[in-house]
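Hi there,

Here is the structure I promised to pass on to you. Please open it beside this email, and my notes on what turned up follow below.

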Amino acid sequence: MKKLIFVIVIILSSCTYEPYEYREEPKEPKYDYNQPSYYFKHNLQPNVDLLDIALQLDTNAQSYGGFDTGVAYADFDNDGLLDISFAFATGEDGTNVKHLIALNKGKGKYIDGTYLISNPNYEAFSSRKTIIGDFNNDGKPDVVRPTGAHRFVDYSYIMLSNEFGYTFKSLGGDKRDSHTISSGDIDNDGDLDLVFAGETSEGVLFGVNDGSANFTWDLKWNGTIHEAFTSEMLDINKDGNIDLILGAKLDDSDIKGLNILWGEGNGSFSYNNSSPIYNNLKTYTSPDDLLVSDLDKDGNLDIVTVFINLVDNSSILESFKGSSDYSFTNNTSEWFDNNNTTASGCCSSWVWLYLEDRDKNGSIDLYDPSKYNSQHFEWNGYSFIRK
């Protein structure tokens, strides 16, 4: 029996082979981040347990507080899933936060994505509000936070996207303890600008963007505006110019409380072109948050606000029915059977307002997504019923 012998000849060339590295083609971003911060605040709020997610990545997360003010939701790794940027505060004013990114892998699983940040140990005080937007026009989400931690002043900062990930950097401008921040294109040049207003830092700080996240700063109404707790930017009258809703105490104006500064598209606002939502500061303080929606489906935008009852730290909600001339009438007694939350005590009061069918029963609910414990107000088509 003959044996068959196979001779395998391997010819090696003199070429040098580099190890193969798989590079996935960049995906088109799922979200358009070149929109006012109000859009993301009211459209990208997943129903998740922030503490549970934080504990998946940091066993010491229980000792941190302030998740609700230091959190931003966006798709930071561009896989179509909403991730979370955390700035953990210890609760002690004047101490620096801990930064972390939680990457969403689906089915409630998150992994530590802080490797995306080149300088995660960037020192910053805690923030009262965090916003998302594409400030350098590269299609990726950026995160902006004011600093201050209630009377501790510092520069605001940005987690800015680049080719390799993200880098924290100071925005400069003015050291403040800004209680509120919002973004929108106030000069109609196609990029997002910034507005800051403070609890004890007076005036309103405007940052006009050059399209690459470089800002020209303008401090207006210094010495006039005090105790500014909330602001949002959106085009309320649909004239193509972004408007500014500002809650603050004004010393030398008849407009007090909460008012709309109508946008003119020139990068600035004037109190000579504004309308009050309410101006009886003796009854109300500036709210901590607000939302704008056509609740009764009559074609006019309505406004709901929340602020803290300083007697017991519960939260008080107020509603303002809008009209075709963009004036507002307080109709809280008509739209709320009870406009106080049951939660009380330090840090239990509501911070944010959100509308969604949270309990999936077919009716829209009003609640704080960061403190949801079944406490909510359900819209029955005519009014909110406390649950």
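S5 is joined by three bridges to strand S6 (residues 142-145), and the two run antiparallel. Within this pair, Ile132 stands opposite Val143 in S6. Please keep in mind throughout that this is a predicted model.

The pair belongs to an open sheet of four strands, ordered S5-S6-S7-S8 with antiparallel pairing. Its edge strands are S5 (131-133) and S8 (166-170), each of which pairs on one side only. From one strand to the next, the twist averages 20°.

There is another open sheet of four strands, and here the order is S17-S18-S19-S20, again with antiparallel pairing. Strand S17 (289-293) and strand S20 (328-330) each have a single partner strand, so one side of each is left without a neighbour in the sheet. Neighbouring strands in this sheet are turned by 25° against each other on average, ignoring direction. Ile308 has Ser315 in S19 as its bridge partner.

Now to the interior. In soluble globular proteins, nonpolar side chains tend to be buried together. The largest nonpolar core in this model has 29 residues, and the members touching the most others are Ile245, Ile277, Val304, Leu317, Phe336, Leu353 and Leu366. Two or more residues come from each of strand S15 (257-261), strand S16 (274-278), S17, S18, S19, strand S22 (365-367) and strand S23 (377-379).

Which residues does Phe336 contact, leaving aside its neighbours within four places in sequence? They are Val304, Leu317, Glu318, Ser319, Leu366, Phe377 and Phe384. Val304, Leu317 and Leu366 are also on the list of core members that touch the most others.

A second, separate core has 22 residues, among them Leu82, Ile101, Ile132 and Tyr166.

One last stop is a hairpin. Strand S11 (residues 204-209) and strand S12 (residues 215-220) pair in the antiparallel sense over six bridges, and Leu205 has Leu219 in S12 as its bridge partner. Five residues lie between the two strands, and in this hairpin Gly211 takes a positive phi near 100°.

Note on methods
Residues numbered from 1 in each chain as written. Predicted model: local features only at pLDDT ≥ 70, side-chain atom pairs only at ≥ 80, totals over all residues. Heavy atoms only, no water. Pairing = 2+ DSSP bridges. Axes fitted to C-alpha atoms, helices over the stretch in contact; angles between N-to-C directions. Core = buried A, V, L, I, M, F, W, Y, C linked by side-chain atoms within 4.5 Å. Buried < 20%, exposed > 50% of the residue type's maximum accessible area, 1.4 Å probe, protein only. Contact = heavy atoms within 4.5 Å.
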